[in-house]
Amino acid sequence: SRFKKYSSIPLRNGMTGKDVAEKMLHDHGIYDVQVISTSGQLTDHYNPMNKTINLSEPVYASTSVAAAAVAAHETGHAVQHAMGYAPLKMRSALVPVISATSKWVMWVILLGIIMVQTFPALLWVGIAMFALTTIFSFVTLPVEKNATNRALAWLSNAGITDVSNQAEAVDAGNFALPVIQV
């Protein structure tokens with residue numbers, strides 16, 4: 001509902017989400033990241049493997065404050081990547097482990113509960129796997145908050161937002177903190 005609310009507030013300069021992302025990249029001296037449109041709604045993300053900022057169709061072509069905030073947030077991840085931001089490096093290193101762990105953790109815990117009398121260590125393995133996914137969430141939080149802070153500061157400093165819509169951008173930018181997912 002917050003994204004929808006700020007999607008109706010236009011940027012005065014008429015820049016699309018794509019334009020915002022490209023300008024932020026160039027303002028940070030980054031020219032090897034491509035901004036592309038992806039299907040769906042709120043499917044926006046930065047992919048460090050192929051250096052793409054994937055903006056959902058409503059963000060890519062929209063000239064709204066919400067689109068600018070989401071596009072700048074995702075571009076903030078590209079800036080983190082280019083600068084070697086340590087928490088992002090840690091998160092990226094954990095992704096393959098967490099991807100595998102998250103697929104199996106509930107099954108291991110369930111099997112551990114069933115086999116607690118004969119193989120109690122399996123339950124502890126499941127608990128350790130669950131703990132690892134929780135740690136991943138805690139590592140992800142500063143990465144996301146930093147990307148949002150970078151985005152909001154840049155939107156203001158670059159003149160993309162102004163006094164008339166900076167508060168909306170801040171609120172929309174805090175919305176851009178995505179749900180933690182692998």
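Student: What makes the stretch that holds Tyr-6 a helix?

Tutor: Tyr-6 lies in helix α1, residues 2–7. Helices are DSSP runs of H or I with at least four residues, strands are runs of E with at least two, and both are numbered from the N terminus. This is a predicted model, in which local features need pLDDT of at least 70, side-chain atom pairs count only at pLDDT 80 or more, and totals for chains, interfaces and linings use all residues. Residues are numbered from 1 along each chain as its sequence is written, and side-chain values use heavy atoms, with hydrogens and water left out.

Student: Why is Tyr-6 called buried?

Tutor: Buried means under 20% relative accessible area, exposed over 50%, and partly exposed in between (1.4 Å probe, protein chains only). Tyr-6 has 6% relative accessibility and therefore counts as buried. Of the 182 residues of the protein chain, 40% count as buried.

Student: Which distances separate Tyr-6 and Ala-67 in sequence and in space?

Tutor: They are 61 residues apart in sequence, while their C-alpha atoms are 8.3 Å apart in space.

Student: Where is Trp-107, and why is Trp-107 called exposed?

Tutor: Trp-107 belongs to helix α5, residues 86–114. Its relative accessibility is 58%, so Trp-107 counts as exposed.

Student: How many helices and strands does the protein chain have?

Tutor: The protein chain has seven helices and three strands. From the N terminus, their order is α-α-β-β-β-α-α-α-α-α.
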